[in-house]
Amino acid sequence: MEKIEKAQFRYNGGRGALLCSGCKKIMKTGDEFTEEEIEAIKGYSIIPPVYCLKCQLVNALNAIGKDWAEKTEVRDDIKYKVISFEPPFPQEVMDIVTSKEVKVLGSLSPDGKQGIHVYFPM
Ligand SMILES: [Zn+2]
């Protein structure tokens, strides 16, 4: 049987939450739901999975078979998940990296190659 990909919800103290289908981070809670999401959490309909930006980037990197690394870093008292990868930088990956919601730092890796480090607030 084919597995149906659908958005993941969780009840959080009586309130519904829409989760990232990759890392299970809470993307939205009840007050922010659209009508479609309210129908889906009640089980009346199915909506496609939702991914946070970090998981969108990881999915895009995996889809093209590109190596990447993940670490946790604290900067200015904010905790970040950092996804790092080296060139070449394909367009489908750069579309996510250039989003205003993330901070991007370029640097040289130990072997001298230019890399990109994308910071996602946790
Ligand atoms: Zn995620």
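Leaving aside neighbours within four places in sequence, Val 118 is in contact with Leu 57, Val 82, Ile 83, Val 97, Val 102 and Val 104. Here two residues count as in contact if their C-beta atoms, placed from the backbone, lie within 7 Å. The structure is a predicted model, in which local features need pLDDT of at least 70, side-chain atom pairs count only at pLDDT 80 or more, and totals for chains, interfaces and linings use all residues. Residues are numbered from 1 along each chain as its sequence is written.

Val 118 also belongs to the largest nonpolar core, whose nine residues are Leu 57, Val 58, Ala 60, Tyr 80, Ile 83, Phe 85, Val 93, Val 118 and Phe 120. Helix H2 (53–63), strand E5 (78–85) and strand E7 (114–121) each supply at least two residues of this core. A nonpolar core is a set of buried Ala, Val, Leu, Ile, Met, Phe, Trp, Tyr and Cys residues joined through C-beta atoms within 7 Å. A residue is buried if 20 or more other C-beta atoms lie within 10 Å of its own, exposed if 12 or fewer, and partly exposed in between, with C-beta atoms placed from the backbone. In soluble globular proteins, nonpolar side chains tend to be buried together.

## Overall architecture and confidence

The protein has three helices and seven strands, and from the N terminus on its elements run β-β-β-α-α-β-β-α-β-β. Helices (H or I, at least four residues) and strands (E, at least two) are DSSP runs, numbered from the N terminus. Of the 122 residues of the protein, 12% count as buried. Among contacts between residues at least 6 apart in sequence, 53% join residues at least 24 apart.

The average pLDDT, the predictor's confidence in each residue from 0 to 100, is 87, and 89% of the residues score at least 70. Confidence is highest in H2, at a mean of 94, and lowest in strand E6 (residues 103–108), at a mean of 70. Where pLDDT is low, the predicted coordinates should not be read in detail.

## Helix H2

The buried residues of H2 are Lys 54, Leu 57, Val 58 and Ala 60. They are on the same side of H2 because they cover an arc of only 160° around the axis, the arc being that of the directions from the helix axis to the C-beta atoms. An α-helix has 3.6 residues a turn, so residues three or four places apart point the same way.

The buried residues of H2 pack against E5, helix H3 (91–97) and E7. The face of H2 turned away from this buried side carries the exposed residues Asn 62 and Ala 63. Just after H2, Gly 65 takes a positive phi of about 70°.

## Strand pairing

Strands count as paired if DSSP finds at least two bridges between them. E5 pairs in the antiparallel sense with strand E4 (residues 69–75) over seven bridges, and with E7, also antiparallel, over six bridges. Tyr 80 of E5 is the bridge partner of Glu 73 and stands opposite Pro 121 in E7.

Strand E2 (residues 15–19) and strand E3 (residues 26–29) run antiparallel and are joined by three bridges. Ala 17 stands opposite Thr 29 in E3. The hairpin of E2 and E3 has six residues between the strands, and Lys 24 takes a positive phi near 70° there.

## Backbone features in the loops

Most residues other than glycine have a negative phi, and most peptide bonds are trans. The hairpin of E4 and E5 has two residues between the strands. Asp 76, in the loop between E4 and E5, has a positive phi of about 50° although it is not a glycine. Asp 77, found in the loop between E4 and E5, has a positive phi of about 65° and is likewise not a glycine. Asp 76 counts as exposed because it has 5 C-beta neighbours inside 10 Å, and Asp 77 counts as exposed with 5 such neighbours.

The peptide bond from Pro 87 to Pro 88 is cis, with omega near 0°. Pro 88 lies in the loop between E5 and H3.

## Met 122

Met 122 is placed in the segment after E7. With 13 C-beta neighbours inside 10 Å, Met 122 counts as partly exposed. Not counting residues up to four places away in sequence, Met 122 touches Lys 79, Tyr 80 and Lys 81. Met 122 and Tyr 80 are 42 residues apart in sequence, and their C-alpha atoms are 5.3 Å apart in space.
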